[in-house]
Amino acid sequence: MRVLLLEKRPFADDLADVAVRTIGVLEREFGPYPYSDFAIVEVPTEPAAQSGFIGAAYAGYMLVRSDFLASTKADVGHFGHEIGHQWWGVSVQRSGDAGDYMLDEALAQYGALRAVEEISGAEAAGSFRSGKAGLGGEENGLRLIAAGFTYPLGRLPHEAAAYALSDAKGYLTYDLLSRTMGADRFRSALAEITREYRNSEVGWEEFLRRLQVHAQQDLGWFYNQWFGRKDAPIVELRWQRDTALRVTLLQRGDPYRLALPVVVEYADGSSQVHWLDTSSDSTTVALPADQPVVRLLLDPRNLVFHATVEEWNRARSLVPFTRGRLLWDHGDAAGAEAAFLGGLDSVPVPDVAGLEFLLRLHIGWIAEEAGQPDKARRQYQKAAQLAARPPEMLARLYWNFSKLARQRGDLATARWAATQVLAADAANGLPPRFTERARQALDETGGR
Ligand SMILES: [Zn+2]
């Protein structure tokens, strides 16, 4: 393990530690690490940004851009993904067009999920899968599908939206497949593939065939449903309690075959998980319930890719934002700004999902990166005044606002905004992303 940095960094040991642990996790998932050594290599921000990447994986090493390294440090999800590519995309490559992104990108992201689950725990894995932690996940997948960027995973075209879909719905489908056929059988199949196709190429059909051989059950329905369909299951949970607890799962549209966890929370603080099968538009089961029920939660750890009715409505109302964000993620700032500005004309009343907040945050953010701090500040101020502010993006808004204030020497505002970052980061129920930076900013501008 080597860590090659451009400057001394206090978290250099953490980088090596997380990388070593991640390789350990992924060897259990994918088989022996395919190279003799691994190195993390920092590259300067400017040239890397010009060629449009924040990180990349090569045989036996990964490149990380300076600014990205400074902000994410030893992020387990990021390392899990890039190290996952050592098996998928670097050693085992794809032959043929089918399986584009699924045989490399989605498997690398599946590795990221496994690393997060093993190293950071089940709760962190739940928020990773949700997509609310700022990485690909269920919410991103639903937004892409709602915005019409939707293709069968088994036939993804080579374009930005398909890449994003593989990092959202794609790896979640592998997670589901692992649970469906059994984690050990899934691991055995992947280890066999990485052994036999080491430094070679495998086709999508052959990949699926190998999984089928290990599955000990027919996967035809799974392949058709998850790799052949391009929509998402939309599921509504209803329940009532009389002599028993009656739970109904309603599906919209052509029903999926699903096994969904339902968590029943009782008045004494205890809870119980029931796995419910559904394959029709309405399924009702009676569950035992000896004591008062407080509430039922449908798949709170996002184990099965699906939308609730509320999530689907939210994804649909954020379509103008999704379109712009996709452009921005792939380097088209001008196109993204035009999409965000256009979206301001169609903000629904009431704007429950916080579309205007997301649009103004991003118009400001693009202006900030283009060196237009006054324009950025005006947009951030308008966003901060809105009633509907998606909690997972609030810390980002105040962090950007704080940085701008500090740049123009307004330390009082910078400090006030940094304290808002701490509150927003602590209140959103996700792993903190800006807290450390905000604390550091408070220290540097006169103590906490
Ligand atoms: Zn990747």
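Just after helix 6, G131 takes a positive phi of about 85°. Helices (H or I, at least four residues) and strands (E, at least two) are DSSP runs, numbered from the N terminus. The structure is a predicted model, in which local features need pLDDT of at least 70 and side-chain atom pairs count only at pLDDT 80 or more, while totals for chains, interfaces and linings use all residues. Residues are numbered from 1 along each chain as its sequence is written, and side-chain values use heavy atoms, with hydrogens and water left out.

Helix 6 itself spans residues 122–130 and is mostly covered, with seven of its nine residues buried. Here buried means under 20% relative accessible area, exposed over 50%, and partly exposed in between (1.4 Å probe, protein chains only). The buried residues of helix 6 are A124, A125, G126, S127, F128, R129 and S130. They pack against helix 4, helix 5 (105–120), helix 7 (138–146) and helix 8 (160–181).

The zinc ion is coordinated by H81 through NE2, H85 through NE2 and E105 through OE, at 2.1 to 2.2 Å. Donors are N, O and S atoms within 2.8 Å of the metal (3.2 Å for Na, K and Ca), and sites may look incomplete because water is not among the atoms. Along the sequence, the spacing of the zinc donor residues is H-x3-H-x19-E. Both H81 and H85 belong to helix 4 (residues 76–87), where they sit four residues apart, about one turn of the helix. An α-helix has 3.6 residues a turn, so residues three or four places apart point the same way. Both histidines are covered: H81 is buried at a relative accessible area of 8%, and H85 is buried at 11%.

Strand 3 (residues 55–58) and strand 4 (residues 61–65) pair in the antiparallel sense over four bridges; two strands count as paired if DSSP finds at least two bridges between them. These two strands form a hairpin with two residues between them, and G60 in the turn has a positive phi of about 85°. Strand 4 is mostly covered, since four of its five residues are buried by the cut-off of under 20%.

F305 lies in the loop between strand 12 (293–298) and helix 12 (309–317), and it is buried, with a relative accessible area of 2%. Contact means heavy atoms within 4.5 Å. Leaving aside neighbours within four places in sequence, F305 is in contact with E138, G141, L142, I145, K169, L172, W226, A232 and P233. F305 and Q109 are 196 residues apart in sequence and 15 Å apart in space, C-alpha to C-alpha.

R210 is found in helix 10 (residues 204–215) and counts as buried at 10% relative accessibility. With neighbours within four places in sequence set aside, R210 is in contact with A189, E192, I193, E196 and Y197. W221, in helix 11 (residues 220–228), counts as partly exposed at 22% relative accessibility. W221 touches T180 and R257, not counting residues up to four places away in sequence. Between W221 and A405 there are 184 residues in sequence and 56 Å in space, C-alpha to C-alpha.

Rolling a probe the size of a water molecule over the atoms shows where empty space is left. On a 1 Å grid over the protein atoms alone, a cavity is a set of points where a 1.4 Å probe fits but cannot get out, and lining residues have an atom within 4 Å of a point. Grid points are joined across faces, edges and corners, and a volume is the space filled by probe spheres set on the points. The structure holds one cavity of 30 Å³ or more, and about 30 Å³ of space lies in the largest cavity. Its lining is made up of E392, A395, D425, N428, L430, R433 and F434. By class, this lining has three nonpolar, one polar and three charged residues. Ala, Val, Leu, Ile, Met, Phe, Trp, Tyr, Cys and Pro count as nonpolar, Asp, Glu, Lys and Arg as charged, and the others, Gly among them, as polar.

Terms used. 1 Å grid on protein atoms, 1.4 Å probe; cavity = no way out; pocket = protein on both sides within 12 Å on 5 of 7 lines; lining within 4 Å.
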